[in-house]
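Please have the sequence and the model open while reading.

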Amino acid sequence: MTGLTLTIDETRWRDHLRAVADRTPGLVPVAKGNGYGFGLERLADEVTRLGLRTLAVGTPTEAARLREVFDGDIVVLLPWEANDPEAVRLARDPKVIITVARLNDFEVLANLGGDRPRVLVECLTSMKRHGLDADEMQAVVHMADALQVEGWTIHLPVSGDHATEAEAVGRRARDILSAPLWFSHVPLGVYTRLAETLGPDGARLRMGTDLWLGASSALSVTATVLDVHPIKRGERAGYHQRPVWTDGSVVVMSGGTANGIGLEAPTSAKSARQRAISLATGGLEAAGLALSPYEIDGAKRWFIEPPHMQSSLVFVPAKAKVPSVGDEIPVSVRNTIATFDRVVDRPEV
Ligand SMILES: *Cc1c(COP(=O)(O)O)cnc(C)c1O
């Protein structure tokens with residue numbers, strides 16, 4: 001093997017997908033970006049398999065691609081943009097539901113010609129990302145004839161408790177125009193309570209991460225040991241010829257920047273604190289080294305230098321068990337930013 005491999009325990013993964021779908025009436029799976037590591041087409045197939053008729057994507061490009069493989073409705077999450085020719089094309093597509101977040105765009109859409117565009121109207125929430133504010137929402141009443149309003153969308157922050165806000169924005173929207181409420185990032189308990197009061201087909205929940213990546217034990221990511229070289233303390237290795245700090249081995253692992261190895265999510269407060277501690281105590285991090293996501297002999301190992309495009313040099317000290325060329329090693333990556341060389345299903349044994 002070379003590269004980075006995502007292995008799916010297909011039976012367990014699909015059991016989890018089924019369980020989430022069963023306990024979430026109105027579930028709308030989200031497939032966008034790198035397809036959460038699985039690939040967009042693969043996710044579209046899984047949605048079909050679950051018997052769901054609606055799939056949400058991020059961009060017009062993704063919608064154009066998936067409408068060829070998915071038979072049901074496709075929702076575009078990013079707000080509609082009049083200057084994007086693909087978005088304009090999709091607004092005329094009866095399979096596609098667009099999201100509208102600016103008042104001016106309603107006028108443009110109403111005058112596009114052809115079938116009435118199918119739209120979701122985005123409400124501004126404390127996210128302050130996209131959407132109509134409380135005053136602007138009123139204007140939607142006048143658009144209801146020119147457009148097919150499929151619902152209101154309410155996208156809430158992930159942190160904090162926004163149950164009250166979800167309810168208040170939803171009530172305001174439905175007082176203006178009675179249409180289903182499409183929520184994002186509302187905890188399942190809150191959502192099911194809202195869905196119950198709204199009645200059948202009154203609520204939808206868009207979900208990506210918890211659905212696709214929720215059963216972490218069904219998923220594993222591995223890389224291959226490509227080469228191993230013994231090295232003495234003070235000897236140098238890599239492009240940058242840095243000396244190593246103790247005796248051990250240079251282990252060349254498959255996977256590099258092209259796979260998303262070494263890409264970090266923007267720092268959280270906690271890791272900034274950890275870095276400060278490391279700096280204060282003069283740890284390896286303070287010496288400009290970074291912990292790699294490769295786990296060898298039970299521990300994450302340090303990068304000898306920043307990862308290369310398709311391989312990475314990591315250091316394994318003499319006291320640890322040195323892996324052999326060809327060994328498969330667990331790697332921790334964020335599936336939403338990783339590029340896998342292969343996705344394999346481990347079928348039921
Ligand atoms: C990406 C996205 C989602 C899905 O987010 P997850 O955290 O992956 O579940 C839901 N709603 C909107 C509007 C999004 O853009």
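**Cavity, sheet and selected residues**

Searching the whole structure turns up one cavity of 30 Å³ or more. The model is predicted: local features need pLDDT of at least 70 and side-chain atom pairs count only at pLDDT 80 or more, while totals for chains, interfaces and linings use all residues. Residues are numbered from 1 along each chain as its sequence is written, and side-chain values use heavy atoms, with hydrogens and water left out.

**Overall chain**

- The protein chain has 10 helices and 18 strands; these are DSSP runs numbered from the N terminus, with helices being H or I of at least four residues and strands being E of at least two.
- Of the 349 residues in the protein chain, 47% are buried. Here buried means under 20% relative accessible area, exposed over 50%, and partly exposed in between, computed with a 1.4 Å probe on protein chains only.
- The C-alpha trace spans about 75 × 50 × 40 Å along its principal axes.

**The cavity**

- Rolling a probe the size of a water molecule over the atoms shows where empty space is left.
- The largest cavity holds about 40 Å³ of space. A cavity is a set of points, on a 1 Å grid over the protein atoms alone, where a 1.4 Å probe fits but cannot get out; lining residues have an atom within 4 Å of a point.
- Grid points are joined across faces, edges and corners, and the volume is the space filled by probe spheres set on the points.
- The lining of the largest cavity consists of E122, C123, L124, T125, M127, K128, R129, H130 and H155.
- By class, the lining residues are three nonpolar, three polar and three charged. Nonpolar covers Ala, Val, Leu, Ile, Met, Phe, Trp, Tyr, Cys and Pro, charged covers Asp, Glu, Lys and Arg, and the others, Gly among them, are polar.

**The eight-stranded sheet**

- Eight strands form an open sheet with parallel pairing, in the order β2-β9-β8-β7-β6-β5-β4-β3. Two strands pair if DSSP finds at least two bridges between them.
- The edges are β2 and β3 (54–57), each with a single partner strand, so one side of each has no neighbour in the sheet.
- On average, neighbouring strands of this sheet are turned by 25 degrees against each other, direction ignored. The axes are lines fitted to C-alpha atoms, for helices over the stretch in contact, and angles run from 0 to 180 degrees between N-to-C directions.

- In strand β9 (residues 203–207), four of the five residues are buried, so the strand is largely enclosed by the rest of the structure.
- β9 pairs with β2 in the parallel sense over three bridges, and P29 has M207 in β9 as its bridge partner.
- Strand β8 (residues 181–184) pairs with β9 in the parallel sense over four bridges, with F183 opposite L205 in β9.
- From β8 the chain passes through helix α8 (residues 188–198) to β9 in a right-handed β-α-β crossover. Right-handed means that, with the strands pointing away from the viewer, the path from the first strand over the helix to the second runs clockwise.
- Strand β7 (residues 148–155) and β8 are parallel partners over four bridges, and I154 stands opposite F183 in β8.

- Five of the seven residues of strand β4 (residues 73–79) are buried, so β4 is largely enclosed by the rest of the structure.
- β3 and β4 pair in the parallel sense over four bridges, and L55 has I74 in β4 as its bridge partner.
- The chain goes from β3 through α3 to β4, and this β-α-β crossover is right-handed.
- β4 also pairs with strand β5 (residues 96–100) in the parallel sense, over three bridges; P79 has T99 in β5 as its bridge partner.
- A right-handed β-α-β unit is made by β4, helix α4 (residues 85–91) and β5.

**Single residues**

- Most residues other than glycine have a negative phi.
- Y36 has a positive phi near 55 degrees; Y36 sits in the loop between β2 (27–29) and α2 (40–49) and is buried, with a relative accessible area of 8%.
- Q241 has a positive phi of about 50 degrees and is not a glycine. Q241 lies in the loop between β11 (236–237) and β12 (242–243) and is partly exposed, at a relative accessible area of 41%.
- T61 belongs to helix α3 (residues 60–66) and is exposed, with a relative accessible area of 57%.

Terms used:
1 Å grid on protein atoms, 1.4 Å probe; cavity = no way out; pocket = protein on both sides within 12 Å on 5 of 7 lines; lining within 4 Å.
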